[in-house]
Amino acid sequence: MRERSKVALLFCDSYDSDQVYRKIKKGMELLGGWEKLIEKDEKILLKPNLVRKAPVERPVITHPSIVEATARLLREEGYEKIGCGDSCGVGSAAKVMEETGMDAILDRYHITMEDFNQGTQTGEFVLADPVRESDALINLCKMKTHALERVTGGVKNLYGCVSGLHKAQGHTKYSNADSFARMLIRLNMEIKPRLCIMDGIVAMDGNGPTSGDPITMNVILMSTDPVAADSVFCHLVHLDPEMVPTNVHGQKMGLGFWEKEKICILTEEGEISMEEAVEKYGNKDYNVDRRKVRATMWNQLDFLMKPFQKKPYILTDKCRKCGVCVESCPVEGKALSFEKGRNNPPVYHYRKCIRCFCCQEMCPFQAIGVR
Ligand code: SF4
Ligand code: SF4
């Protein structure tokens with residue numbers, strides 16, 4: 001039987017770069033050290049969540065200090081071949097990095113900015129070439145809510161490894177939470193990330209993953225098991241981890257563990273139970289969908305209950321008619337359009353809509369809600 005998955009839980013109450021550096025360093029000690037995970041001559045790829053351009057204060061992307069601390073530690077450990085990149089939903093990762101100061105960090109630590117726009121078919125997926133060409137991927141994810149999967153943390157962040165437009169095709173192919181989750185697990189198993197570092201210092205709740213609200217969680221989670229890291233995230237926000245399809249399928253398909261008996265939580269003060277972790281570091285005010293749906297029913301409910309499913313809608317007072325949502329819709333013929341002209345917000349055609357929530361994720365003005 002496999003050992004329990006270790007999750008390092010570090011209390012961290014600011015993005016001060018030295019503090020974040022000390023915490024991630026400690027986390028690596030708790031997990032057994034870098035050399036256990038990555039050989040010195042291996043090519044490393046840092047994969048932050050850079051979903052789209054947003055001010056650093058809004059918790060849309062992985063905070064640059066997490067990237068900086070990881071880069072600094074890797075350099076100190078003597079790793080030489082390090083790159084960093086992501087495939088954005090809108091715009092380019094290079095632009096996101098420039099606007100957040102991440103580009104200067106990469107320069108300081110001689111890290112290559114990688115372009116994820118070119119990809120190559122690798123098994124089932126068109127993986128961005130830098131992902132395919134790296135030996136060891138380090139997943140620098142962000143703690144956020146997600147309209148389809150309830151939360152996005154370690155497992156979901158790797159969807160950005162699928163090159164450019166192929167991500168949109170994935171949404172039409174895997175159009176419900178259950179099938180999308182299974183695809184994400186297969187993707188993680190294809191890429192085999194070596195480590196997951198989750199930025200939960202200031203997380204996002206509510207209308208995430210890009211239009212939600214900042215909420216202080218003051219934690220960094222680190223694990224070689226992205227399912228276990230996501231499960232701890234769920235516990236901390238009082239969400240039953242079994243309600244998250246990526247957790248359930250992640251364990252069933254052998255990627256990792258979501259059940260608390262199979263997770264060992266390590267802190268600077270020693271090992272603690274899940275109950276102690278929730279008591280000490282949890283936040284029940286985190287706004288997330290906690291409704292219970294039986295795991296075995298996800299598929300059937302999706303098919304039978306489409307009219308009652310969550311659906312996106314436009315907050316007309318916030319809409320600037322930019323059209324990003326229409327461009328982002330992966331459905332052929334589009335499930336929303338400017339049918340009332342460009343001076344009015346787009347209109348949804350719900351019969352066509354597959355509820356992938358790409359429009360809600362990509363709206364730059366937080367003008368799409370989910371009900
Ligand atoms: S809903 Fe958002 S993305 Fe769509 S047009 Fe309005 S502001 Fe732009
Ligand atoms: S309208 Fe939005 S939720 Fe519906 S299919 Fe298009 S992008 Fe997805």
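How many nonpolar, polar and charged residues make up the shell around ligand 1? Ten nonpolar, one polar and two charged, going by class. For the classes, Ala, Val, Leu, Ile, Met, Phe, Trp, Tyr, Cys and Pro count as nonpolar, Asp, Glu, Lys and Arg as charged, and the others, Gly among them, as polar.

Quick housekeeping, then. This is a predicted model, where local features need pLDDT of at least 70 and side-chain atom pairs count only at pLDDT 80 or more, while totals for chains, interfaces and linings use all residues. Residues are numbered from 1 along each chain as its sequence is written, chains are lettered from A and ligands numbered from 1 in the order in which they are written, and side-chain values use heavy atoms, with hydrogens and water left out.

Back to the ligands. Ligand 1 has 13 residues around it, and Cys-319, Arg-320, Cys-322, Cys-325 and Cys-363 come nearest; being near here takes a heavy atom within 4 Å. Ligand 2 is surrounded by 14 residues, with Cys-329, Cys-353, Cys-356, Phe-357 and Cys-359 the closest. That shell has 13 nonpolar residues, one charged and no polar ones.

Now the overall layout. We have domain 1, residues 5-281, and domain 2, residues 305-370, with bounds from an automatic or database domain assignment. Their C-alpha centres lie 27 Å apart. Across the two, 18 residues of domain 1 are in contact with 19 residues of domain 2, contact meaning heavy atoms within 4.5 Å.

What about the inside? In soluble globular proteins, nonpolar side chains tend to be buried together. Here the largest nonpolar core has 48 residues, and Leu-46, Ile-138 and Ile-220 touch the most other members. Helix H2, residues 64-76, gives the most to this core, with six residues. Apart from it lies another core, of 30 residues, including Ala-228, Ala-229, Val-232 and Val-237. By core I mean buried Ala, Val, Leu, Ile, Met, Phe, Trp, Tyr and Cys residues joined through side-chain atoms within 4.5 Å. Buried is under 20% relative accessible area, exposed is over 50%, and partly exposed is in between, with a 1.4 Å probe and protein chains only. Helices (H or I, at least four residues) and strands (E, at least two) are DSSP runs, numbered from the N terminus.

If you click on Leu-46 and skip its neighbours within four places in sequence, its contacts include Val-67, Leu-74, Ile-111 and Ile-138.

On to charges. The whole structure has 20 salt bridges, each a side-chain nitrogen of Lys or Arg within 4 Å of a carboxyl oxygen of Asp or Glu. Take Glu-271 and Arg-4, whose side chains meet at 3.2 Å, N to O. Glu-271 is in strand S12 (270-272) and Arg-4 in the segment before strand S1 (5-11), so this pair ties together parts that are 267 residues apart in sequence. Glu-271 is partly exposed at 48% relative accessibility, and Arg-4 is partly exposed at 42%.

Then there's Asp-86 with Lys-47, where the closest N and O atoms are 2.9 Å apart. Asp-86 sits in the loop between strand S3 (82-84) and helix H3 (93-100), and Lys-47 in strand S2 (44-48), 39 residues apart. Both Asp-86 and Lys-47 are buried.

A local one next: Arg-132 bridges to Asp-129, at 3.3 Å between the closest N and O atoms. They are three residues apart in helix H5 (129-133), so about one helical turn separates them. Arg-132 is partly exposed at 36%, whereas Asp-129 is buried at 16%.

Last stop: Arg-150, Asp-289, Arg-291 and Lys-310 are linked in a network of salt bridges.
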